[in-house]
Number of protein chains: 2
Amino acid sequence: MQRLTIRDISKIANVSMMTVSRVINNEKHVKKETKENVLSIIKQYGYEPNYFAQNIKTRKSNTIGLIIGDIENPFYSRLAKGVINVAETSNYNVIVCNSNYNPKLGEKYLNMLIKKGVDGILIATIDVSNDAINNLNKRNITYVLVTRKSEEENGNYFIADDYLGGRMASEYLIKLGHKKIFFLRSADVLGANERLRAFKDTMKENNIFFDDSYISKILTNAEDAYSATIEFIEETRSKEFTALIGGNDFIAMGAMDAIIDKGLSIPKDLSLIGYDNLWVAKILKVALTTIRQPKMQFGQMSTERLLEMIKNPELKKYPQKIILKPELVIRNSCKKIN
Amino acid sequence: MQRLTIRDISKIANVSMMTVSRVINNEKHVKKETKENVLSIIKQYGYEPNYFAQNIKTRKSNTIGLIIGDIENPFYSRLAKGVINVAETSNYNVIVCNSNYNPKLGEKYLNMLIKKGVDGILIATIDVSNDAINNLNKRNITYVLVTRKSEEENGNYFIADDYLGGRMASEYLIKLGHKKIFFLRSADVLGANERLRAFKDTMKENNIFFDDSYISKILTNAEDAYSATIEFIEETRSKEFTALIGGNDFIAMGAMDAIIDKGLSIPKDLSLIGYDNLWVAKILKVALTTIRQPKMQFGQMSTERLLEMIKNPELKKYPQKIILKPELVIRNSCKKIN
DNA sequence: TTGAAAGCGCTAACAG
DNA sequence: CTGTTAGCGCTTTCAA
């Protein structure tokens, strides 16, 4: 019960292997009847060309790899959707790798992808070291970074302007009259630090006093943020502060739950702003004002670029370093004071 | 600047190709020093074996395909996470395909996966016809269905008992004293009809009157459900009914927003129950009572089964048809009446 | 422990 | 339009 080969089909059809090959690859220069006959035999016998033998020379897999932190995080799942959809229109498939925020796993996946001979790799997590990325350059492997930068001169990346986003959030609150603003720090991607830096700069520029006590410790997830906010309220600091900035929407979600559970109300007692604009932001207990990140675009643009580079390796000489703009999305979680 | 081949390495190392091959594949019967020498040369020259040439005989890709409806839907992203994680522990990669609820795309993906020679396929959407699945059997392609059934005698599938889940939801409301219950019908997977059937049966068994006017038209998504519920309220039917069943959590989310936007309150004016227990259910404006589906388990168990079948094709003779149990998750969206 | 030879299934290149 | 020949890069087989 051996699998059929092109040789078997050629014998059955009484033509050469080449003719069958031409039919398979839909090349011209095959007489119509010959083609039809071969096709019918292929169908009848359920012959399927050996993908590996086909590609032994070209090394083309028509597959790309995507490394993300967690497919269940709406940020990544939206980005992944953009990747998968664009890839599909070019008849590419996507191997999705979940680092689970674990650098060891991130690099294991990177190596798996390289071994599998994918045509290109999209890296959307920091769980792949800069060394590993340098190595990609040395080995001339096509890749694009999304949501993170590289120090490599000739690396391509797509990031958002997190500093600007951080300013937008801070300025918005200040414009609403807030002066005592607490920053719930996220352990996010690189962007996290930029958002914090923007907060500090904006406060300074507006001559509003702040110090380290205005900034939380690093919060990993919504649960973390929940407990931190509970503490914040129990220490009666909520009477002192009028607004909270969440380093990302998950942090803000945790904070929101804590605030409400403690019997306070948003935005009456406390204003709250997030970052990312996950789709859930608008269905929370209080529709969350937040900073939009172009998640779908991240996926689409980086994939388009990757596919271009695969098609034309010359493009590697002209790396694109794209910085997308964030956007303030005003909902109901912040109020004007005084 | 041609890529290095095993032949190049063998020349550099002054050994035969076979020795290099043995080293690559970590076989024994290679002298320690020889092995180390070859390994160092491989590293130095950055040689990577041609994946396609390696597998031309075995046809083993160590890759599986997963076809889902929409990676952005938390139901599927949790399932996908289970798949990806289990696959990883067996050093398998996962090609994730998004049918976007489009049967044409679903079948296109199926064909792409077959062409790529993946070792197995997981189908978690109805956007792949039964014919296409029959064909999989004929061609002896390893696959497992998740979240959907097949008519095939020897097909493997993992589904949940949606009829039971439907009963759980209905009985819970009835136990709380509700008699006028409106069913918001989802256009979901096959399960949708089972949930509705269970609703009808439960009503009948409890001698509670109902007719078709107790059942909405088919609702595709949260927006759909939102408008339907707005209409429902504007027709003042909300005064007549005391509870709503959402065919899934998205439907319930749309309904919840509509109810609140119309100035009514949950569960005071109207009780609401969902289905799926997406992670967002607990952070909605009112924490949603719902029926839990074992999403992660779906992904994990089906992948484990698929990998077993790949390892041991004999198992195809003993198809597993597994039905997982749903679970009632009580939160704050339903109240006792009378 | 190592190597030579003979393919794996397919396609490029060159006839005809 | 069709076929022959000679590999692609690697592994299996057998021999040393």
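Helix α8 (residues 162-175) of chain A lies across β6, β7 and β8 of chain A, and it runs at about 160° to β8(A). That's one piece of a predicted model in which chains A and B touch each other and residues of both chains come near DNA strands C and D. Here's the tour, starting with the sheets.

**The β6-β7-β8 sheet of chain A**

- Three strands make up this open sheet, in the order β6-β7-β8, and they pair in parallel.
- β6 (181-184) and β8 (271-273) of chain A sit at the edges with a single partner strand each, so one side of each has no neighbour in the sheet.
- From one strand to the next, the twist averages 20°.
- Strand β7 (residues 243-246) of chain A is tied to β8(A) by 3 bridges, with the two running parallel.
- If you want a specific pair to look at, L244(A) has L272(A) as its bridge partner in β8(A).

**Another strand pair in chain A**

- Strand β3 (residues 120-123) of chain A pairs with β4(A) in the parallel sense, over 3 bridges.
- Within that pairing, I123(A) has L145(A) in β4(A) as its bridge partner.
- L145(A) shows up again when you check burial: strand β4 (residues 143-146) of chain A is covered on both faces, with Y143(A) and L145(A) buried on one side and V144(A) and V146(A) buried on the other.
- As background, side chains in a regular strand alternate between the two faces of the sheet.

**The β6-β7-β8 sheet of chain B**

- Chain B has an open sheet of 3 strands too, ordered β6-β7-β8 and paired in parallel.
- Its edge strands are β6 and β8 (271-273) of chain B; each has a single partner strand, so one side of each is left without a neighbour in the sheet.
- On average, and ignoring direction, neighbouring strands here are turned by 20° against each other.
- Helix α8 (residues 162-175) of chain B packs on this sheet and touches β6, β7 and β8 of chain B, with its direction at about 160° to that of β8(B).
- β6(B) and strand β7 (residues 243-246) of chain B are parallel partners over 4 bridges.
- Two of the facing pairs are F182(B) opposite L244(B) and F183(B) opposite I245(B).
- Both faces of strand β6 (residues 181-184) of chain B are covered: I181(B) and F183(B) are buried on one side, F182(B) and L184(B) on the other.

**Nonpolar cores**

- The largest nonpolar core has 167 residues, and the ones with the most contacts inside it are L66(A), V94(A), L66(B) and V94(B).
- There's also a second, separate core of 8 residues, which includes I6(B), I9(B), V20(B) and V23(B).
- V94(B) has contacts in both chains: leaving out residues up to four places away in sequence, V94(B) touches I95(A) and V96(A), plus I64(B), L66(B), V83(B), I84(B) and A87(B).
- In general, nonpolar side chains in soluble globular proteins tend to be buried together.

**Where chain A meets chain B**

- The contact involves 35 residues of chain A and 36 residues of chain B.
- On the chain A side, at least two residues each come from α4, α5 (74-89), β2 (93-98), α6 (103-115) and α11 (249-261).
- α5(A) gives the most to that side, with 6 residues.
- By class, the side of chain A that touches chain B has 16 nonpolar, 9 polar and 10 charged residues.

**Around DNA strand C**

- There are 24 residues around DNA strand C, and the nearest are I6(A), S21(A), N50(A), S16(B) and K31(B).
- α2 (17-24) and α4 (51-55) of chain A, along with α2 (17-24) of chain B, each supply at least two residues of this surface.
- The largest share near DNA strand C, 4 residues, comes from α2(A).
- The split by class is 11 nonpolar, 9 polar and 4 charged.

**Around DNA strand D**

- DNA strand D is surrounded by 25 residues, the closest being K31(A), I6(B), S21(B), N50(B) and A53(B).
- Two or more residues each come from α2 of chain A and from α2 and α4 (51-55) of chain B.
- α2(B) gives the most to the surface near DNA strand D, with 4 residues.
- By class, that surface has 12 nonpolar, 9 polar and 4 charged residues.

How values were computed:
Residues numbered from 1 in each chain as written. Chains lettered and ligands numbered in written order. Predicted model: local features only at pLDDT ≥ 70, side-chain atom pairs only at ≥ 80, totals over all residues. Core = buried A, V, L, I, M, F, W, Y, C linked by C-beta atoms within 7 Å. Buried ≥ 20, exposed ≤ 12 C-beta atoms within 10 Å, placed from the backbone. Contact = placed C-beta atoms within 7 Å. Near = placed C-beta within 6 Å. Nonpolar A, V, L, I, M, F, W, Y, C, P; charged D, E, K, R; others polar. Pairing = 2+ DSSP bridges. Axes fitted to C-alpha atoms, helices over the stretch in contact; angles between N-to-C directions.
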